[in-house]
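Reader: Could you walk me through how the parts of this chain sit against each other? I would like the cut-offs as we go.
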Amino acid sequence: MGLHESMDTQIELVQYLSVEGALLVPNAPVEDEKLVAFYEAMTRGRLFDGKAIALQRTGQLGTFASALGQEAVGVGVASAMEPRDVLVPSYRDHCAQFTRGMSMTECLLYWGGDERGSDFQQCRSDFPNCVPVATQISHAVGAAYAFKLRREERVAVTFIGDGGTANGAFYEALNIAGVWNAPVIIVINNNGWAISTPRSLECAAPTLAQKGVAAGIECRQVDGNDVAAMHDVARRAIAKARAGEGPTLIEALTYRLGDHTTADDATRYRDADLVRRAWTREPIARLRAYLLGKGLWSKEREALLLKRCGEEVENAVAAYLATPPQNATAMFDWLYETLPISLRSQRDAARRYSAGGSHD
Amino acid sequence: MTELNLVEAVNAALSCGMSRDDSVLLLGEDIGANGGVFRATNGLQARFGRERVIDAPLAEGGIAGVAVGMAAMGLRPVAEIQFTGFIYPTFDQMINHASRLRNRTRGRLSCPMVLRSPYGAGIHAPEHHSESPEALFAHIPGLRVVIPSTPARAYGLLLAAMRDPDPVVFLEPTRLYRLFKQEVVDDGEALPLDACFMTREGLDVTVVAWGAMVREAMLAAETLEGEGVEVEIIDVATLKPCDFDTILRSVEKTGRCVIVQEAPRSNGFGAEIAAEIGERALYSLQAPICRVAAYDVVVPLYRLERDYIPSVERIIGAIRGVMEGA
Ligand SMILES: Cc1ncc(C[n+]2csc(CCOP(=O)(O)OP(=O)(O)O)c2C)c(N)n1
């Protein structure tokens, strides 16, 4: 694009499934078997989520960030990735992480206060959860640059919340991604809220997707409760990045149906009617309606799925609760590749005075 | 063998590191065709190409952050922060990510990056170009903080930093960049990290210093030699994790200690050294430990710069003071 050409900032919302689960486009852009698999993955994520909250409420888990209502974003995007790609998550992306192979036990260990939860046995190259908002985006850009430099056909995918896009770290990383034509996909999980601060108080731009315009990168806005649209847009963006054609910023419009975390009480700042209305647009019921309409789903399959996922969650919880705590000296084990001599006496003190770790 | 000044030694180390290891790359502001504002990366883009010597956008936090991502994916990025006054936006990445990645993932991912920056006063620079933030980084578990005091040490320590499996903050005393030359053997040999250098042996008093202050301490020692005072000088070199054993052995031998730092006095790294001596070698002391430091003031504009930086005279005064305490 020449120096004086203007760029169209009008960004069209991509949606394939209506709120009622009707197909809005002539041909389903995602195969039926895939949609069934997405339905199962989203349900699995939601069951896990509910259980994690229950564990927190009963003092068996630390603070937990629920993804209730946002399952289509994580599942839709992560299912478009290949195992060799790398995920750079925020702290609310367990639906994406499960798709990548993070185990439920690992997720529980992390929120249960044990670093071993980030030592994913499956997706070894994926980054751990990122708590400082927006700082993870540059990690994805750096990872993507590494792939590009080594001529590896891999991409990095990262997630950020709507509030996070107000942070300077987001803009710096976005800008660098554009300049370097990095194979990175940045997904804004716009769930309407940054704790109690609504989207309208975070940014005056009509869409968050258009933040990519200033960075010179492709921007898309998608119905984040429509897993078919989410998956298809992510799939195209990933294919494009893999082909060396650069980064994409995707804004997923969804809604946070739960509290910000288990330490939050959203009734203090949120109108109950809003939440009731949001429940009519949520991703799982929508896809179920579509699948039922096409004869791809049934009450029997639903019952089986719930039973299977319920057992999986229970087994994961049991494994989590049965995991013995690390020794106090584990604090020192991975600080540096080799423990500096000056830290040896501190490690010895930790061993001597160890209180014994616990889940609570 | 070649005579090199400190910034040429940095350049030689970067060049050697890049030629021996394809995973090393450089990024920073104006480091390409311009060779960096101090010329530390002179000629490297022409030699290694734009993909490995990257003129990064003007975004310090972003530079550190992409370096974290690169390092986690197996590269060895060396990021240049143009001046230390602008290193503070990197704190978020260095403290919250670079220093923790290995620990958080139980060793699954690590962060072998180097964050290098010219630092310290004494070059008549504008505001925000003369700070000494080493203690701020040295407080952070998981980081290494390395400061060379001579061209040969700059060469060997930077090579070591580039090969280190963990993140290193490498602060180069700007004042020494072109102050003197020294024989540097460009043979790819690294110097050890986490080890102090015994720079001058003496029996009467231990002076502990790092960076540009090692030179001031040497000048002080030469003057005092004429008065019959034998000064032992230790160049700390790696502040985090620090080799206190070498410092303590020296203090046990001499019974006296003067710590010289260019950074402001309070809560600086000198205080840490004094505390360590107090805990582990108090009864060897024949005089109270003494710190010579910059004052707890904002680095002044350059007309007062010489009053701010600890001078040879102040160091001599401090050494005489601890000698009299005997
Ligand atoms: C840099 C930073 N500032 C503040 C916080 C505390 N904090 C945690 S989550 C959050 C809100 C984030 O909202 P958003 O980015 O929209 O993501 P969401 O939690 O809604 O998924 C805040 C302020 C933080 N984690 N990081």
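Author: Domain bounds here come from an automatic or database domain assignment, and for chain B that assignment gives domain 1 (2-184) and domain 2 (197-324). This is a predicted model, in which local features need pLDDT of at least 70 and side-chain atom pairs count only at pLDDT 80 or more, while totals for chains, interfaces and linings use all residues. Residues are numbered from 1 along each chain as its sequence is written, chains are lettered from A in the order in which they are written, and side-chain values use heavy atoms, with hydrogens and water left out.

Reader: How far apart are the C-alpha centres of domain 1 and domain 2 of chain B, and how many residues are in contact?
Author: The centres lie 26 Å apart; taking contact as heavy atoms within 4.5 Å, 31 residues of domain 1 of chain B touch 25 residues of domain 2 of chain B.

Reader: What area is buried between them?
Author: About 2200 Å², of which carbon and sulfur atoms give 58%, where buried area is the accessible area (1.4 Å probe) that two parts lose on being put together, summed over both. On the domain 1 side, His124(B), Arg153(B) and Arg175(B) lose the most area to domain 2 of chain B, together 23% of what that side buries.

Reader: Switching to charges, how many salt bridges does the rule find across the interface?
Author: It finds 3, counting a side-chain nitrogen of Lys or Arg within 4 Å of a carboxyl oxygen of Asp or Glu. Separately, the side chains of Arg175(B) and Glu216(B) form a salt bridge at 3.5 Å, N to O.
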